[in-house]
Amino acid sequence: MKILKVTLAGVKHLLFPPYCLCCDAHIPFENALICMDCELDLSCSMTDSDREVKVIFYDMPQVKGLYIAFQFFEDSRVQKLIHYLKYKHYPEVGELLGCKLGRIIKRQQQPFDFIIPVPIHPKKRKIRGYNQAEHIAKGVMEETGIPLAFGLLKKQRHSSSQTKLNKEERIRNVERSFGLRKKLNFKGKRVLLVDDVLTTGATLRALVQVLIEAKADHIEIGVLGKAEA
């Protein structure tokens, strides 16, 4: 049976050889998503996150920190990978990049009680098949050992895509879109909120407000990249 599995895996590799999602180069390894050159080029480069906290969460002192894993710009490897994650049905990309985000968080040696992935609306989940933030959070958990908490928050109002909206439109679009699945008290808990890309911060601000209303007093945020608003 083992010999048959190895043989079938070899045939599959010959008929459907894996190619790098970033540069289309052939990958000689099973289950790899990117080639070694692109892997090396994906070194984490944390931006000035203290400034982002002061600008985006200026009136939310409960937000104590922000981790940004990669420099994010148009046609970058990171942008291509996030596109595969969100629109091309590659949830495993989330775990790959989430591990890299987790390494940054781990280096800071900050204790957290749990990770909360940003929720998406059930309609969007049905279309996509999964929540990309959950897979990023799984990668963070794998690297840090911080427990992952599913189902604490919910997207209770379906809103249009934020992609082409300006800052004011984004804020209105997500206003009161999120809520708690049940009555919870986060007082004294250190919460790590995880998402894919930070743009204007409208979505994260809406979620932080929900957590604050549930008595959260220590919230930190981890994202893969910061895009220009």
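A crossing of two helices is called left-handed if the near helix is turned anticlockwise from the far one by less than a right angle, and right-handed if clockwise. The model examined here is predicted. Its secondary structure comes to 9 helices and 6 strands, and 47% of the 229 residues are buried.

**Exercise 1. Describe how helix 5 and helix 7 pack against each other.**

Step 1. Two packed helices are described by the angle between their axes and the distance between the axes. For helix 5 (residues 91-108) and helix 7 (residues 132-144), the angle is about 45 degrees and the axes are 6 Å apart.

Step 2. Angles under 35 degrees count as roughly parallel, and those from 65 to 115 as roughly perpendicular. The angle found in the previous step therefore makes helix 5 oblique to helix 7.

Step 3. The handedness is then read from the rule given above. Helix 5 and helix 7 form a right-handed crossing.

Step 4. The residues in contact are identified next. Helix 5 contributes Pro91, Gly94, Glu95, Gly98, Cys99, Leu101, Gly102, Arg103, Ile105 and Lys106, while helix 7 contributes His135, Ile136, Lys138, Gly139, Val140, Glu142, Glu143 and Thr144. Sorted by class, this contact of helix 5 with helix 7 holds 6 nonpolar, 6 polar and 6 charged residues.

**Exercise 2. Carry out the analysis for helix 4 and helix 5.**

Step 1. The axes of helix 4 (residues 77-87) and helix 5 come within 7 Å and cross at roughly 135 degrees.

Step 2. Only angles over 145 degrees count as roughly antiparallel. Helix 4 and helix 5 are therefore oblique to each other.

Step 3. The crossing in which helix 4 passes helix 5 is left-handed.

Step 4. On the side of helix 4, the contact is made by Leu81, Ile82 and Leu85; on the side of helix 5, by Pro91, Val93, Gly94 and Leu97. By class, the contact of helix 4 with helix 5 consists of 6 nonpolar residues, 1 polar residue and no charged residue.

**Exercise 3. How many disulfides does the structure hold, and is Cys35 buried or exposed?**

Step 1. A disulfide is a covalent bond between the sulfur atoms of two cysteines. The structure holds 0 disulfides.

Step 2. For Cys35, the nearest cysteine sulfur is that of Cys23, 3.6 Å away. The cut-off for a disulfide is a sulfur pair within 2.5 Å, and Cys35 is in no disulfide.

Step 3. Residues count as buried under 20% relative accessible area. Cys35 has 10% and is therefore buried. Cys99, which takes part in the contact of helix 5 with helix 7, has 11% and is likewise buried.

How values were computed. Residues numbered from 1 in each chain as written. Predicted model: local features only at pLDDT ≥ 70, side-chain atom pairs only at ≥ 80, totals over all residues. Heavy atoms only, no water. Axes fitted to C-alpha atoms, helices over the stretch in contact; angles between N-to-C directions. Helix = DSSP H or I, 4+ residues; strand = E, 2+ residues; numbered from the N terminus. Contact = heavy atoms within 4.5 Å. Nonpolar A, V, L, I, M, F, W, Y, C, P; charged D, E, K, R; others polar. Buried < 20%, exposed > 50% of the residue type's maximum accessible area, 1.4 Å probe, protein only.
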